[in-house]
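Work through the exercises below with the sequence and the structure in view. Each task is followed by a solution in steps.

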Amino acid sequence: MQYYTVRGYYRLFAFWDKTDKTETVVISTHGIINKIDKTPQSEIDKAERLRIKYFEGKSINIKNKKNENI
């Protein structure tokens with residue numbers, strides 16, 4: 001999980017999906033306006049929950065596609 005600071009106030013939370021061998025997708029979970037140096041742990045936790053949810057949903061979709069081909 002990564003986050004970026006833009007002009008000291010905006011933080012963008014993102015992660016990379018490298019499951020496809022030919023393409024990499026960058027997913028931005030959310031952004032916040034933050035006027036302090038430390039990122040709130042609740043925002044980091046939110047980004048991690050969204051990343052887990054994304055990959056769980058992706059694995060369900062892959063399983064469903066395999067079942068459709070049977």
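The model is predicted.

**Exercise 1.** Where does Tyr-10 lie, and is Tyr-10 buried, partly exposed or exposed?

Solution.
Step 1. Tyr-10 is placed in strand β2.
Step 2. Its relative accessibility is 44%. Buried means under 20% and exposed means over 50%, so Tyr-10 counts as partly exposed.

**Exercise 2.** Which residues form a nonpolar patch on the surface?

Solution.
Step 1. The patch consists of Tyr-9, Tyr-10 and Ile-33.
Step 2. Together these residues have about 350 Å² of accessible area.

**Exercise 3.** Find how many aromatic pairs the whole structure holds, then classify the pair of Phe-15 and Phe-55.

Solution.
Step 1. The search of the whole structure gives three aromatic pairs.
Step 2. In the pair of Phe-15 and Phe-55, the ring centres are 5.6 Å apart and the planes stand at 50°. Planes under 30 degrees apart count as stacked and those over 60 as edge-to-face, so this pair is tilted.
Step 3. Phe-15 belongs to strand β2 (residues 10-17) and Phe-55 to helix α1 (residues 41-68). The two are 40 residues apart, and the pair links distant parts of the chain.
Step 4. Phe-15 has 3% relative accessibility and therefore counts as buried. Phe-55, at 26%, counts as partly exposed.

**Exercise 4.** Classify the pair of Tyr-54 and Phe-55, and state which residues form one aromatic cluster.

Solution.
Step 1. The ring centres of Tyr-54 and Phe-55 lie 5.0 Å apart, with the planes at 80°.
Step 2. An angle over 60 degrees counts as edge-to-face, so the pair of Tyr-54 and Phe-55 is edge-to-face.
Step 3. Tyr-54 has a relative accessible area of 27% and is partly exposed.
Step 4. One aromatic cluster is formed by Phe-15, Tyr-54 and Phe-55.

**Exercise 5.** How many salt bridges are counted, and which parts of the chain does the pair of Asp-17 and Lys-58 link?

Solution.
Step 1. The count is one salt bridge.
Step 2. The side chains of Asp-17 and Lys-58 meet in a salt bridge, at 2.5 Å from N to O. A salt bridge requires these atoms to be within 4 Å.
Step 3. Asp-17 sits in strand β2 and Lys-58 in helix α1, 41 residues apart, so the pair links distant parts of the chain.
Step 4. Asp-17 is buried, because its relative accessibility is 2%. Lys-58 counts as partly exposed at 25%.

Methods: Residues are numbered from 1 along each chain as its sequence is written. This is a predicted model: local features need pLDDT of at least 70, side-chain atom pairs count only at pLDDT 80 or more; totals for chains, interfaces and linings use all residues. Side-chain values use heavy atoms; hydrogens and water are left out. Rings of Phe, Tyr and Trp (its six-membered ring) pair if their centres lie within 6.5 Å; planes under 30 degrees apart count as stacked, over 60 as edge-to-face and the rest as tilted. Helices (H or I, at least four residues) and strands (E, at least two) are DSSP runs, numbered from the N terminus. Buried means under 20% relative accessible area, exposed over 50%, partly exposed in between (1.4 Å probe, protein chains only). Patches are made of residues with over 30% relative accessible area and no salt bridge: like charges are joined within 9 Å, nonpolar side chains (Val, Leu, Ile, Met, Phe, Trp, Tyr) within 5 Å. Accessible areas come from the Shrake-Rupley method with a 1.4 Å probe; for residues, only the protein chains shown count as cover.
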